[in-house]
Amino acid sequence: PAGGPSAMAQAGVLLTKEPAPQAVPASDLPVKVCEVALNTGPDSSSGLATAGFRTAKYLLPEWRRSNSDLYRKAFTGCEQAERGRAEAKELAEHAVATAQRAQQDSTAALGQRLQDIYFWKAELQKEIEDLDAETGLLAAQKLRLEKALDATKVPYAIATDNLQCRERRQPPDLVSDEVERELLKEAELIRNIQELLKRTLTQAGNQMRLNRDHKEVCEMDWSDKVETYNIDDKCGRYSNQSTNIQFHPSSVKFEESASTPETWAKFSHDNIYRAEREKLASINLRALIDNILHDVSEDLRMQCAAVNEAFAKRCEELDDTKHKLEHHLKKILKEIGDQEANIAALKEAIRDKEAPMKVAQTRLYDRSFRPNIELCRDEAQFRLISEAEELTESIESLKKKLLESEQSLRNLEDARMDLEKEIAVKTNSIFIDRQKCMAHRTRYPVVLKLAGYQ
């Protein structure tokens, strides 16, 4: 009666379901033993005819009480069943809502996790691309270093060849002049530059290896992120209607080696930080290489210009000296010709004095035969003697001058030979410096080649 039609409807619905198993096993009720009091009152009948109908029967109040107990028990049972059904329905609805809300929260957490993974995956991918591009740029700088190192071979060969060529100069031109000092400075500069470039090449190779190592670490981390992203994306797409879901009771536990969100984020952060640090080191190394190559090319060209200028000055000095020597040689040759003519004239003058000397001596000789008193020291005799003495003195003076002229001619010839030899030495020096050394230096590499661009 308390349930009404709705209770009957619910009972009808419930009847279609399998009854719940009983918690308490069924057992036989104990046999009720009824002890009937004997009729001892005045209205009692103690006859044998009524004794069998009175022994096991209930009284009317007992019957009514029994029915009332049954009604109450049925009502209580219906009430408890209705309340249980309501609680079961509420519990089922709560369980459905709880499960749905938990699944939504899990899906939202997976979505947030996907965003975190995507963020770090994108950061790692950007770092990998940056490192790859930076390694390519550093490889280009390393190639420039190799080209610049190869380009220094030609200047070094030129400098050493110039020094060897200038060793073939003849004395007194075999001097330690400004050209030689600049050439030695150039050779030393090139050797220092080659050592610097070799050290920088080694440093660039080490940095490229570090870049690749950190890129590989980031790539492994990125690969794990991609795999994890795909797994979490697949997990986020699961629903109650998915056909590829099943029970995995053993999966509901935490792995002992599992990371925490903090250590997980710190791992990728540290990888990116180390990669970024190597990238910055690579960028600084590239700038250093660029400055080194610029300074190296400038230093080499400046030293080359200094050597060329020293060569030009030395050749100009040699030309000037050679011209002066040639001018003096020309004067010497002219003087030699004049002196030869002078010697010939002196010899002619000496020969010209022979006839007058013969005349004077013949006169004196013939006058020495004058007889007796005629052998007189007259004026004519004195003049003839004086003439002979004057002629003898003139001849002696001419012969002395002839000897002096011949000695002067020999001195002029020696000077001519010295001048000609010195001119030949200067010509050889000019040939070595100008035709050999300076012509060889025209093969000096250009600045772009020294800077590693060609």
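From the N terminus on, the chain's elements run α-α-α-α-α-α-α-α. That comes to 8 helices and 0 strands; these are DSSP runs numbered from the N terminus, helices being H or I with at least four residues and strands E with at least two. What you have open is a predicted model, in which local features need pLDDT of at least 70 and side-chain atom pairs count only at pLDDT 80 or more, while totals for chains, interfaces and linings use all residues. Residues are numbered from 1 along each chain as its sequence is written, and side-chain values use heavy atoms, with hydrogens and water left out.

**Colour by burial.** Start with the whole chain: of its 454 residues, 27% count as buried. Here buried means under 20% relative accessible area, exposed over 50%, and partly exposed in between, with a 1.4 Å probe and protein chains only.

**Select H5 and H6.** Helix H5 covers 178-237, and helix H6 covers 261-367. Their axes come within 9 Å and cross at roughly 165°. That makes H5 roughly antiparallel to H6. The axes are lines fitted to C-alpha atoms, for helices over the stretch in contact, and angles run from 0 to 180 degrees between N-to-C directions. Under 35 degrees counts as roughly parallel, over 145 as roughly antiparallel, 65 to 115 as roughly perpendicular, and the rest as oblique. By class, the contact of H5 with H6 holds 26 nonpolar, 9 polar and 10 charged residues. For these classes, Ala, Val, Leu, Ile, Met, Phe, Trp, Tyr, Cys and Pro are nonpolar, Asp, Glu, Lys and Arg are charged, and the others, Gly among them, are polar. The crossing of H5 and H6 is left-handed, a term used if the near helix is turned anticlockwise from the far one by less than a right angle (right-handed if clockwise).

Helix H3 spans 60-151. The axes of H3 and H6 come within 9 Å and cross at roughly 20°, and the two helices are therefore roughly parallel to each other. In the contact of H3 with H6 you will find 16 nonpolar, 4 polar and 11 charged residues. The crossing of H3 and H6 is left-handed.

**Stay on H6 and pick two residues.** Leu 293 lies in helix H6 and is buried, with a relative accessible area of 0%. Ile 336 is buried, with a relative accessible area of 6%. Ile 336 and Asn 411 are 75 residues apart in sequence and 9.4 Å apart in space, C-alpha to C-alpha.

**Show the largest pocket.** Its volume is about 1100 Å³. Of the 26 residues that line this pocket, the closest to its centre are Leu 110, Arg 113, Asp 232, Lys 253 and Phe 254. The elements that give two or more residues to the lining are H3, H5 and H6, and H5 gives the most, with 7 residues. By class, the lining has 12 nonpolar, 7 polar and 7 charged residues.

**Finish in two loops.** Select Pro 171 and Pro 172, which are joined by a cis peptide bond with omega at about 5°. Pro 172 is found in the loop between helix H4 (153-166) and helix H5. Then move to Asn 372, in the loop between helix H6 and helix H7 (379-441). Phi of Asn 372 is near 45°, a positive value in a residue other than glycine. Is Asn 372 buried or exposed? Asn 372 is exposed, with a relative accessible area of 74%.

Methods
1 Å grid on protein atoms, 1.4 Å probe; cavity = no way out; pocket = protein on both sides within 12 Å on 5 of 7 lines; lining within 4 Å. Points joined across faces, edges and corners; volume = space filled by probe spheres on them.
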